[in-house]
Amino acid sequence: MYQELQAQVFNWLKNKYNQDNNFTFSVRQKANKGAELNYFIGTEKSKYFSTTFWYVPVAYPGSSSDLINLVITIRRNKKIEFHLQFNQTKTPHDDQNNYALELIQSIKPLFKQVFPDGLYAPDTNKMEFFAAYSKAVYSNFEELQNDLDVFLGKIIPIVDRQIAVLKTKYPTFIAHRYSPDDQDKMLKKMQERFDKYKVIENLTEELEEEEELLIVDPKLDYDYPVNQILYGPPGTGKTYNTINRAISIANPEFNLHQPRDIVKKEYNRLVQNGQIVFSTFHQSMSYEDFIEGIKPQIEEDSDGNKTVIYEIKNGVFKLISEKALEKRIKEQTINHQFDFDDAWDAIISEANLGLENNNALKLSIQTPNLGLKIVDVTEKGNLKLKPIYSEEAKEYIVSYSRTKTLQEAFPDLSVIKNIDKEFRAVIGGSNSTAYWAVINYINNKINSEKKLTTKEVELPPLPHVLIIDEVNRGNVSQIFGELITLIEEGKRIGNPEELYVTLPYSKTKFGVSSNLYIIGTMNTADRSVEALDTALRRRFSFVEMMPDLSVVEKEEFSDFPRVQVMQKINERIELLLDKNYTLGHSYFMKDNFQASFKNEIIPLLQEYFYNDCGKIGLVLGRGFVREKEISKTNQQNVFADFDIRNEIEIIKSYELIPFEEIDFNSAIEFLLA
């Protein structure tokens, strides 16, 4: 039923989108285990799934849902209900979360006007929470879709309007309906996931034609290895792309297809939150800096006397490892919707309390000023009732099973025209007035007793990312020590072959958690250190990042033929050295191409060729390199006075033309010739 209902809701929403491209909604993007074939966030075990219609990024300790959610629930009796909830912390840690809180607080009074019977958390709660529920429960999707359509028609305009108000007030506030482009990309990403798991029967053919999800790095794969190294020549965007990869690991729901400043803002938030740590290896980096070591500390007493003490300090890797293992606790708001069993327990409890206090629970009937009272609860849990007006009146038995059958048939007693006839048609002979009185109590209880409770739940640990820039510039054997074994995926905490070691300084047990990812970068043109340690190399996945002409082509520069220049230079470098020394596309994308040539490209070539200007001339041409002109007289005077001074054959010498003397346009033409 769960999967079928998801498909029905998806097809209904998708049809509304096809009719109106402004009606957009979210679908599941990441395939959690057991939910690979789900259309929406949620699992079959949880008996609910949810979507949202707005992109409003929020994040705070323990957060695991969107700011605004439409939730569809399958209850124990297989009935369906839906509700829309707003949920945000009252202690936001940054402007974005603060604006989001203000948004839903501005929506709340407008929401109350439309849904006065909604559920509103007390002001004393730590969370701002309110919700509106469907007024009925449904047997199937066909029964609820009209009510859901009306329900959304009331809510969506309110939220859209308040978002516009808040964005006018706070221009940096990120909040909007998903665009049609966003929608198509989400659907395409979902299709790719369904294709991967070979189940696509319920998707329309349109999904196969949707545009591919566009992100900054088209090579990104969301099934990341726990250890990976991006390697390639300089300028290919290795460090740049570690940001994208780290964000995708630490916050998989974040949309990377946004301006770079927004992506960097999310990266900085994750760094501030401790989920991402950036480090750079260098020749003096040591085990004590990376794992733990003894560090001197100066203590000063009240008399000003200073003493040097030595303390064990955690290094960058151990710190993020311990952070990754921290338990996450969330205060969860739970709405307990009364069902028949809850209401029956309530009437039994009230009846027993009344009997103990000699004050029988009285139930109203259809006739004004009359009623029935509960005079006993039988051993089997059934009720005995008799009229209020007479102690001698006959008693009637109202059973649990027959009451439940009637209540399921008549959740709304107002539709009954002849209770005796209609009740008999369902359960046969009975005292219809007694059953009506009990069912009336139960229906009122179900409609009024919505309980809001909170409890602390432990959430799974968040993914953490350690970025190691220039990983091959450090002595990795010395820096990693026993980590060379511990970082293996199979030996991480929680895996069958998990492994712990005792650290040499603190003597504590230490292991590496499965939710800690390591991303390294390695410049293949760096000759300052030896090749990466073989033992470490075996434990990393390597992702090659080479110069990409298409990246420069997309920018459509009109000042110089940058694509052709990049292609020519790299072809020549590869012949003289090898492909690991080619120049990355970033050098050819600077606004001031001449300055990039002068300050970056030429100095890099000087380093590559050890200032051999003859070889640099083979790469750049005569527009940048010239032969040194030395007169015969000067040639003779250069050498010491010796017999063969005038017989020596002088080898040609070359030099870089001072950049101020270069006609850059002509020099580029020579380069391409």
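**Aromatic pairs, helix packing and backbone angles**

User: Starting with Tyr55 and Tyr178, are they buried or exposed?

Analyst: Tyr55 and Tyr178 are both buried, where buried means under 20% relative accessible area, exposed means over 50%, and partly exposed covers what is in between, with a 1.4 Å probe and protein chains only. This is a predicted model, in which local features need pLDDT of at least 70 and side-chain atom pairs count only at pLDDT 80 or more, while totals for chains, interfaces and linings use all residues. Residues are numbered from 1 along each chain as its sequence is written, and side-chain values use heavy atoms, with hydrogens and water left out.

User: How many aromatic pairs are there?

Analyst: The count comes to 39 aromatic pairs, with rings of Phe, Tyr and Trp (its six-membered ring) pairing if their centres lie within 6.5 Å, and planes under 30 degrees apart counting as stacked, over 60 as edge-to-face and the rest as tilted. Tyr55 and Tyr178 form a tilted pair, at 6.3 Å centre to centre and with 50° between the planes. Because Tyr55 lies in strand β3 (residues 54–55) and Tyr178 in the loop between β8 (176–177) and α4 (180–196), this pair ties together parts that are 123 residues apart in sequence. Helices (H or I, at least four residues) and strands (E, at least two) are DSSP runs, numbered from the N terminus.

User: And what geometry does the Phe82 and Phe151 pair have?

Analyst: Phe82 and Phe151 form an edge-to-face pair, 5.0 Å centre to centre with 75° between the planes. Phe82 lies in strand β5 (residues 80–89) and Phe151 in helix α3 (residues 141–169), so the pair ties together parts that are 69 residues apart in sequence. Phe82 counts as buried at 1% relative accessibility, and Phe151 is also buried, with a relative accessible area of 6%.

User: Which cluster do those rings belong to?

Analyst: Ring pairs link Phe82 and Phe151 into a cluster with Phe86, Phe111, Phe115, Tyr120, Phe130 and Tyr138.

User: Which ring does the charged end of Lys509 sit over?

Analyst: The charged end of Lys509 sits over the ring of Tyr500, 4.7 Å from its centre, the rule being that NZ of Lys or CZ of Arg is within 6 Å of the ring centre and within 35 degrees of the ring normal. Arg177 lies over the face of Phe23, at 6.0 Å from the ring centre.

User: Switching to helices, at what angle do α10 and α12 pack?

Analyst: Helix α10 (residues 400–409) and helix α12 (residues 432–448) pack at an angle of about 60°, with their axes 10 Å apart. Axes here are lines fitted to C-alpha atoms, for helices over the stretch in contact, and angles run from 0 to 180 degrees between N-to-C directions.

User: Which residues in α10 and α12 meet?

Analyst: Arg402, Thr403, Leu406 and Gln407 in α10 meet Tyr435, Val438, Ile439, Ile442, Asn443 and Ile446 in α12. By class, this contact of α10 with α12 has 6 nonpolar, 3 polar and 1 charged residues, with Ala, Val, Leu, Ile, Met, Phe, Trp, Tyr, Cys and Pro counted as nonpolar, Asp, Glu, Lys and Arg as charged, and the others, Gly among them, as polar.

User: Where is Ser430, and what does it touch?

Analyst: Ser430 lies in the loop between α11 (419–427) and α12, and, not counting residues up to four places away in sequence, Ser430 touches Arg402, Asp420, Arg424 and Tyr435. At 16% relative accessibility, Ser430 counts as buried.

User: Last topic, the backbone: what is phi of Glu556?

Analyst: Phi of Glu556 is near 55°, a positive value in a residue other than glycine. Most residues other than glycine have a negative phi. Glu556 lies in the loop between α16 (549–555) and α17 (562–576) and counts as exposed at 68% relative accessibility. Asn611, which is not a glycine, has a positive phi of about 60°; Asn611 lies in the loop between α18 (593–608) and α19 (613–620) and counts as partly exposed at 48% relative accessibility.

Terms used. Contact = heavy atoms within 4.5 Å.
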